[in-house]
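User: Please pick one part of this model and look at it closely. I would like one connected account of how it packs against its surroundings, with the cut-offs behind each term.

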Amino acid sequence: MASVGGSSRWRPGGPGGEYSAARDELEILVADDVPDVRQVIADTLRMEGHRVTTASNGDSAIRLLREHHFDLVFTDLNMPPGTSGFALIAALREVDAEVPIVVISGTFVDRVNNEIAQSGTVLGTLRKPFQLLDLLDFDEQVRLRRLGAD
């Protein structure tokens with residue numbers, strides 16, 4: 001499995017199966033304090049045809065959430081200094097209760113999985129280190145939800 005780079009997965013499109021990037025493009029926010037992690041996630045999602053905005057901490061992410069609409073948010077939970085990922089999730093729910101959130105963490109995933117089971121506040125979790133195909137499963141879930149809503 002690749003840990004860097006894009007997906008070569010084929011997705012059905014219009015007549016003849018061509019891929020329509022414009023139809024599937026998502027606005028995605030990636031919040032992580034580790035520059036390399038943030039960059040790999042953003043680059044991978046951009047290679048899939050998405051518009052990606054990044055934030056290096058929770059405070060910046062909250063500001064961006066208040067200024068822009070996002071179709072999907074990936075956030076680390078342990079982002080010092082300032083607002084943590086937990087506080088970011090709470091703030092996001094105040095701004096947009098419907099946007100899907102994927103939590104990325106190396107240490108808090110079990111706690112988040114318990115909270116998800118109880119509240120359903122996030123789409124899912126990724127435990128660091130993760131495979132890029134695991135990351136791309138979440139954008140695919142959001143795309144399929146959008147198709148169902150159309």
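Analyst: A residue is called buried under 20% relative accessible area, exposed over 50% and partly exposed in between, using a 1.4 Å probe and protein chains only. Helices (H or I, at least four residues) and strands (E, at least two) are DSSP runs, numbered from the N terminus. This is a predicted model, in which local features need pLDDT of at least 70 and side-chain atom pairs count only at pLDDT 80 or more, while totals for chains, interfaces and linings use all residues. Residues are numbered from 1 along each chain as its sequence is written, and side-chain values use heavy atoms, with hydrogens and water left out.

In helix 4, Gly 85, Leu 88, Ile 89, Ala 91 and Leu 92 are buried. They lie on the same side of helix 4, because they cover an arc of only 165 degrees around the axis, the arc being that of the directions from the helix axis to the C-beta atoms. An α-helix has 3.6 residues a turn, so residues three or four places apart point the same way. What these buried residues of helix 4 pack against is strand 1, helix 3 (58–67), strand 3 and strand 4, where contact means heavy atoms within 4.5 Å.

The sheet itself is open and has five strands in the order 2-1-3-4-5, with parallel pairing; two strands pair if DSSP finds at least two bridges between them. Strand 2 (51–55) and strand 5 (124–127) are at the edges with a single partner strand each, so one side of each has no neighbour in the sheet. On average, neighbouring strands of this sheet are turned by 20 degrees against each other, direction ignored. For angles, axes are lines fitted to C-alpha atoms, for helices over the stretch in contact, and values run from 0 to 180 degrees between N-to-C directions.

Strand 3 has all five of its five residues buried. Leu 72, Phe 74 and Asp 76 point one way from strand 3, while Val 73 and Thr 75 point the other way. Strand 3 is joined to strand 1 by four bridges, the two running parallel, and Ile 28 has Leu 72 as its bridge partner. Another four bridges join strand 3 to strand 4, again parallel, with Val 73 opposite Ile 101.

Thr 75, in strand 3, is buried with a relative accessible area of 1%. Leaving aside neighbours within four places in sequence, the contacts of Thr 75 include Gly 85, Leu 88 and Ile 89, which are among the buried residues of helix 4. Thr 75 is also in contact with Ala 31, Ile 101, Val 102, Val 103 and Ile 104. Ala 31, in strand 1, is buried with a relative accessible area of 0%. With the neighbours within four places again left out, Ala 31 is in contact with Ala 55, Ala 61, Phe 74, Thr 75, Asp 76, Met 79 and Leu 88. Ala 31 and Met 79 are 48 residues apart in sequence, with C-alpha atoms 8.7 Å apart.

On the strand 2 side, five bridges join strand 1 (residues 27–31) to strand 2, and these strands run parallel. Ala 31 is opposite Ala 55 in strand 2. Helix 2 also packs on the sheet, touching strand 1, strand 2, strand 3 (72–76) and strand 4 (101–105), and its direction makes about 170 degrees with that of strand 2.

Helix 2 has its own buried set: Arg 38, Ile 41, Ala 42, Thr 44 and Leu 45. They too cover an arc of only 165 degrees around the axis, which places them on the same side of helix 2. Pro 35, Asp 36 and Met 47 are exposed on the other side of helix 2.

For context, the protein chain holds six helices and five strands, in the run α-β-α-β-α-β-α-β-α-β-α from the N terminus. Of its 150 residues, 43% count as buried.
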